[in-house]
Amino acid sequence: MPGFDVQQFRQQFAFFQQQPNWVYLDNAATMHKPQAVLDAVTQFYQQHNSNVHRGAHQLSQQATVLFEQARSNIAGYLNAAHSHEVIFTSGATAALNQIAFGLMHTLLKPGDRILLTQLEHHANIVPWQLHCQRHGVIIDVVPLTADHCIDLVAYEKLLALGPKVVSFSHISNVLGHIQPVAQMVALAKATGAVTVIDGAQGIVYQQPDMQQLDCDFYVFSGHKLYGPTGIGVLYGKTAQLEQLTPIFAGGEMIDTVSFVNTTFNKLPFRLEAGTPNIAGAIGLSAAISWLQKYNTSQIQQHKSLLLKEFYNGLQAIKAIDILSMPVHNAGIVALNVRGEHPSDVAELLNQQQVAVRSGQHCAMPLFSYLAQQGAVRCSFAAYNTLDDVNRCLLALEQAVEILTA
């Protein structure tokens, strides 16, 4: 089988044709969109624009078919048991908020425990925290090993406390470390816990199989999978979705309404109040269909090569501290120039048209744990090249020279 053709892949993205001087390494924040996605969104607005589900006219019926076909396509990609187990949201953050709110009003009671990890994004901390403080639910946190991965020994000890919910990231958005999610889900399920996976970074690393993984919930944002912004997915097993009290109420999610009582619609509509992001769902489905034309293992090998070359190059630059480990890494590297603020480093890279992200990356507890003020994050995608790696390394060398002169 021929290897991955990065140039052919890269040509699918208009951005790189129109902005050829940029090295884009902010992929953990958002991905660029291939022409197939742009075309799908444009075609919907030009040819099929209408609201879904409620219209009697043909345009609405066509829009509804496209929207529900998108749901079915995404459900197939996840190997969900039913298409109604795919709930459209505005992104992973909205999905995690729905889960936290929904379970706090049904499953969780005062004195119950929730188990999170030290690696979590704020979106998998704050929603739980908001409701836990109000309802008397306790949050426990799994510490990390010396190489900044989940401490599985500590994880099992905390599972022995009997948490009702265990929620963790598939891949750290700061460090890029891939967590042993299948093992973590199995251990949590053995104690009877509901399992939630933040797949915001995991969804682009590998195609998740919900039947094999067997988690109760898996969430992700479309824009990190080459899709549009403002669309995301809350996957949940039917029984667990039925446990969620809706966080939003109004049109679409109701069955009957009176001033005395309201009954809710069936899944998935019960958790999709209001007009959905129709074009976003169609665009995300198009991104998935387009991506399935490529070999996932070949893409992973390509990104591994980029990561290896980047790590090797970093070793030769003085004063660089690397927070991420090169093994079990999905293609994200957090680093610092010793004694310098991450924002200063990122700005010097920006001046050389190398796009990275700096700061605490919505993971303040992790940086407190690491005793770091923040980090520069370089995140690689399949459309990145060895030339991108080399230009970033050169920009870092020049930044170090300027900052340490």
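What radius of gyration would a compact globule with 405 residues have, and what does the chain have? The rule (2.2 Å times the number of residues to the power 0.38, over C-alpha atoms) puts such a globule near 22 Å, and the chain has 22 Å, which agrees.

Before zooming in, a word on the model: it is predicted, with local features needing pLDDT of at least 70, side-chain atom pairs counting only at pLDDT 80 or more, and totals for chains, interfaces and linings using all residues. Residues are numbered from 1 along each chain as its sequence is written, and side-chain values use heavy atoms, leaving out hydrogens and water.

Now switch to cartoon: you'll find 16 helices and 15 strands (DSSP runs numbered from the N terminus, helices being H or I with at least four residues, strands E with at least two). Show the C-alpha atoms and they fill a box of roughly 70 × 55 × 40 Å along the principal axes. Color by burial next: 53% of the 405 residues are buried (under 20% relative accessible area, 1.4 Å probe, protein chains only).

Select 375–379, strand β15, where 5 of 5 residues are buried. Both faces are covered, with A375, R377 and S379 on one side and V376 and C378 on the other.

Look for G359 opposite A375.

Conventions
Buried means under 20% relative accessible area, exposed over 50%, partly exposed in between (1.4 Å probe, protein chains only). Two strands pair if DSSP finds at least two bridges between them.
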